[in-house]
Amino acid sequence: AMGVIYVDVSKYHVFEEIYGSDKLDEWSSCCAKNFMQSIRLFPDLHWIVCERAAHDDFILVCFSQSNEDPLTEEKLINITAVIQEDIQKKMATEYSMFSPFIFYLGYHLLVVNPKLRIERQVFRSIKQASLLASDRQLVREAQLIRQMSHILKEEKLHTVYQPILDLNLLTITGYEALTRGPLNTDLENPT
């Protein structure tokens, strides 16, 4: 059996528009390096890592080195969760100023059928993993929409004013108004 993990990177195109292609290439290289480190957490597996031509998604393929310890769906689910947590943490540390990135991982266990062409089976497996990653992104977006609707309905937004200072004169020259979400939530001080 082979495991296919599809990594869908959200906000990728927004990043490029804001910071430019050079910064995006730098981020993409760092991301690939971190994926290589993450898969080393599973030394009992062989890995193939591919970056799509547009740099916005990654495909990780793994398979077991031994027949005594075959890759199962349960193992693949665990591997996917560990890699997602590891890569999200590493990229948030190295690229904290670019925090809008979220990695959505989908997986599919491919049990090879010798009657079918392997390239078609791999393509279908990548497609299945991609669909699962997209579903996770849609679920997350729906949760955020529900959360924002509730906040607006309950009027839980508040405004804070941040002074703008002239450091030469050591005076306040104005204020920046910032809208914040409810206290003790991720929206209280979004990055």
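Modeller: What follows is a walk through this predicted model, from the overall fold down to single residues.

Colleague: Fine. How many helices and strands are there in the protein chain?

Modeller: The protein chain has four helices and six strands. Going along the sequence, their order is β-α-α-β-β-α-β-α-β-β.

Colleague: Is the chain spread out or a compact globule?

Modeller: Spread out, compared with a compact globule. The globule rule gives 16 Å for 191 residues, and the radius of gyration here is 21 Å, well over that, so the chain is more spread out than a compact globule. Along the principal axes, the C-alpha atoms fill a box of roughly 75 × 40 × 25 Å.

Colleague: What share of the residues count as buried?

Modeller: Of the 191 residues, 32% are buried. The accessible surface of the chain is about 12,400 Å², and carbon and sulfur atoms account for 55% of that surface.

Colleague: And the contacts, what share join residues at least 24 apart?

Modeller: The figure is 61%, taken among contacts between residues at least 6 apart in sequence.

Colleague: Let's go inside, then. How many aromatic pairs does the structure hold?

Modeller: Four aromatic pairs. One of them is F35 with F103, an edge-to-face pair with 6.3 Å from centre to centre and 85° between the planes. This pair links distant parts of the chain, since F35 sits in helix α2 (residues 21–39) and F103 in strand β4 (residues 103–110), 68 residues apart.

Colleague: Are F35 and F103 buried or exposed?

Modeller: F35 is buried, because its relative accessible area is 0% and the cut-off for buried is under 20%. F103 also has a relative accessible area of 0%, so F103 is buried by that cut-off.

Colleague: Why is the pair of F42 and W47 called tilted?

Modeller: The planes of F42 and W47 are at 50°, so the pair is tilted, with the ring centres 6.5 Å apart. F42 is buried at 11% relative accessible area, and W47 is buried at 18%.

Colleague: Which residues form the aromatic cluster?

Modeller: W27, F35, F58 and F103 form one cluster.

Colleague: Change of topic: S125. Where does that one lie?

Modeller: S125 lies in helix α4, which covers residues 118–153. Its relative accessibility is 0%, so S125 counts as buried.

Colleague: What is S125 in contact with, neighbours in sequence aside?

Modeller: With neighbours within four places left out, S125 is in contact with V4, H108 and L110.

Colleague: Now the outside. Which residues form the nonpolar patch on the surface?

Modeller: The patch is made of Y161, L165, L167, L170, I172 and Y175, and together they have about 770 Å² of accessible area. The elements giving two or more residues to the patch are β5 (158–166) and β6 (171–180).

Colleague: Take I172 from that list. Why does I172 count as partly exposed?

Modeller: I172 has a relative accessible area of 47%, which falls between the limits of 20% and 50%, so I172 is partly exposed. The residue is in strand β6.

Colleague: And L170, where is that?

Modeller: L170 is in the loop between β5 and β6. With 72% relative accessibility, L170 counts as exposed. L170 is not a glycine, yet its phi is positive, at about 55°.

Colleague: What about E155, what is its phi?

Modeller: Phi of E155 is near 55°, again a positive value in a residue other than glycine. E155 lies in the loop between α4 and β5, and at 70% relative accessibility E155 counts as exposed.

Note on methods. Residues are numbered from 1 along each chain as its sequence is written. This is a predicted model: local features need pLDDT of at least 70, side-chain atom pairs count only at pLDDT 80 or more; totals for chains, interfaces and linings use all residues. Side-chain values use heavy atoms; hydrogens and water are left out. Rings of Phe, Tyr and Trp (its six-membered ring) pair if their centres lie within 6.5 Å; planes under 30 degrees apart count as stacked, over 60 as edge-to-face and the rest as tilted. Buried means under 20% relative accessible area, exposed over 50%, partly exposed in between (1.4 Å probe, protein chains only). Patches are made of residues with over 30% relative accessible area and no salt bridge: like charges are joined within 9 Å, nonpolar side chains (Val, Leu, Ile, Met, Phe, Trp, Tyr) within 5 Å. Accessible areas come from the Shrake-Rupley method with a 1.4 Å probe; for residues, only the protein chains shown count as cover. A salt bridge is a side-chain nitrogen of Lys or Arg within 4 Å of a carboxyl oxygen of Asp or Glu. Contact means heavy atoms within 4.5 Å. The radius of gyration is taken over C-alpha atoms; the globule rule is 2.2 Å times the number of residues to the power 0.38.
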